[in-house]
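This report describes one protein model for a reader who is new to structures. Please keep the sequence and the 3D view at hand while reading.

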Amino acid sequence: MTRDAQPRDAENASLLGFRHHDHGACVADALASADARCADEGLRLTPVRRKVLELLLQEHRALGAYAILDLLRDAGFGSQPPVAYRALDFLVENGFVHKVERLNAFVACAHPGQAHSPAFMICRMCDAVAEAQSLPAKGALGAAARAAGFQIERTVVEAEGVCPTCADKADA
């Protein structure tokens with residue numbers, strides 16, 4: 001899995017989906033943070049919502065709703081599509097999860113609780129996804145929007161390529 005990949009340079013070091021780390025602690029810390037945030041903000045992190053978040057945190061890759069539904073079923077939760085979609089809607093709405101449009105799938109947010117515009121790097125070989133920060137209002141898109149009098153409310157930045165682990169395998 002890509003979570004065991006070593007970063008190629010300092011820039012990749014911050015891309016959690018592409019670097020080696022203590023994955024058990026990563027998942028546990030993220031779930032504890034979600035629990036605390038929900039308690040602080042009066043959000044209801046139901047067992048199904050929490051399990052969906054946990055499944056996405058464990059993967060460090062995007063999962064489609066039906067793959068999530070299969071995993072929920074295996075874990076003893078409901079087997080109807082609305083179960084997964086309702087949980088995903090809550091998690092996306094509250095910034096715990098992002099939808100990766102290119103894959104029509106979902107990935108746990110690397111920066112929950114922070115207002116940000118994510119940029120996704122998607123490995124075309126293994127579907128690993130790493131999240132980085134994008135600054136659309138400050139770059140060329142922001143300049144074009146300002147020139148047109150347009151106010152950007154939401155952006156989707158997705159790049160497809162090859163992650164370090166798959167690139168290393170190809171080089172071998």
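**Overall make-up**

The model is a predicted one. The protein has 172 residues, and buried residues make up 40% of them. Its secondary structure comes to seven helices and five strands. Read from the N terminus, the order of the elements is α-α-α-α-α-β-β-β-β-α-β-α.

**Strands 1 and 2**

Strand 1 covers residues 97–100 and pairs with strand 2 in the antiparallel sense, over four bridges. The two strands form a hairpin with four residues between them. In the turn, Asn104 has a positive phi of about 50 degrees. Across the pair, Lys99 stands opposite Phe106 of strand 2.

Strand 2 is made of residues 105–108. Ala105 and Val107 point one way from this strand, while Phe106 and Ala108 point the other way. Are these four residues buried or exposed? All of them are buried.

Strand 3 spans residues 117–123. Five of its seven residues are buried, so strand 3 is largely enclosed by the rest of the structure.

Strand 3 has pairing partners in strand 4 and strand 5. Strand 4, residues 129–134, runs antiparallel to strand 3 and is joined to it by six bridges. Strand 5 runs parallel to strand 3, and five bridges join the two. Ile122 takes part in both pairings: it stands opposite Val129 in strand 4, and its bridge partner in strand 5 is Glu160.

Strands 3 and 4 also form a hairpin, with five residues between the strands. Asp127 in this hairpin takes a positive phi near 65 degrees.

| Strand pair | Sense | Bridges |
|---|---|---|
| Strand 1 and strand 2 | antiparallel | four |
| Strand 3 and strand 4 | antiparallel | six |
| Strand 3 and strand 5 | parallel | five |

**The cavity**

How many cavities of 30 Å³ or more does a search of the whole structure find? The search finds one. The volume of the largest cavity is about 50 Å³. Its lining consists of Ala30, Ala34, Leu53, Leu57, Phe96, Cys109 and Pro112. Helix 2 (23–41) and helix 3 (47–59) each supply at least two residues of this lining. By class, the lining has seven nonpolar residues, no polar ones and no charged ones.

**The pocket**

The largest pocket holds about 430 Å³ of space. It is lined by 24 residues, and those nearest its centre are His98, His116, Pro118, Arg154 and Thr155. The lining divides into 10 nonpolar, seven polar and seven charged residues.

Where does the lining come from? Helix 5 (81–93), strand 1, strand 3 and strand 5 (157–161) each supply at least two of its residues. Domain 1 (12–108) and domain 2 (118–171) each give at least three residues to the lining.

**The cysteines**

A search of the whole structure finds zero disulfides. For Cys166, the closest cysteine sulfur is that of Cys123, at 3.7 Å, which is too far for a bond; a disulfide needs the two sulfur atoms within 2.5 Å. Cys166 has a relative accessible area of 7%, so it counts as buried. Cys109, one of the residues lining the largest cavity, is also buried, because its relative accessibility is 7%. The cut-off for buried is under 20%.

Definitions and conventions: Residues are numbered from 1 along each chain as its sequence is written. This is a predicted model: local features need pLDDT of at least 70, side-chain atom pairs count only at pLDDT 80 or more; totals for chains, interfaces and linings use all residues. Side-chain values use heavy atoms; hydrogens and water are left out. Buried means under 20% relative accessible area, exposed over 50%, partly exposed in between (1.4 Å probe, protein chains only). Two strands pair if DSSP finds at least two bridges between them. On a 1 Å grid over the protein atoms alone, a cavity is a set of points where a 1.4 Å probe fits but cannot get out, and a pocket is an open set with protein on both sides within 12 Å along at least five of seven lines; lining residues have an atom within 4 Å of a point. Grid points are joined across faces, edges and corners, and a volume is the space filled by probe spheres set on the points. Ala, Val, Leu, Ile, Met, Phe, Trp, Tyr, Cys and Pro count as nonpolar, Asp, Glu, Lys and Arg as charged, and the others, Gly among them, as polar. Domain bounds come from an automatic or database domain assignment.
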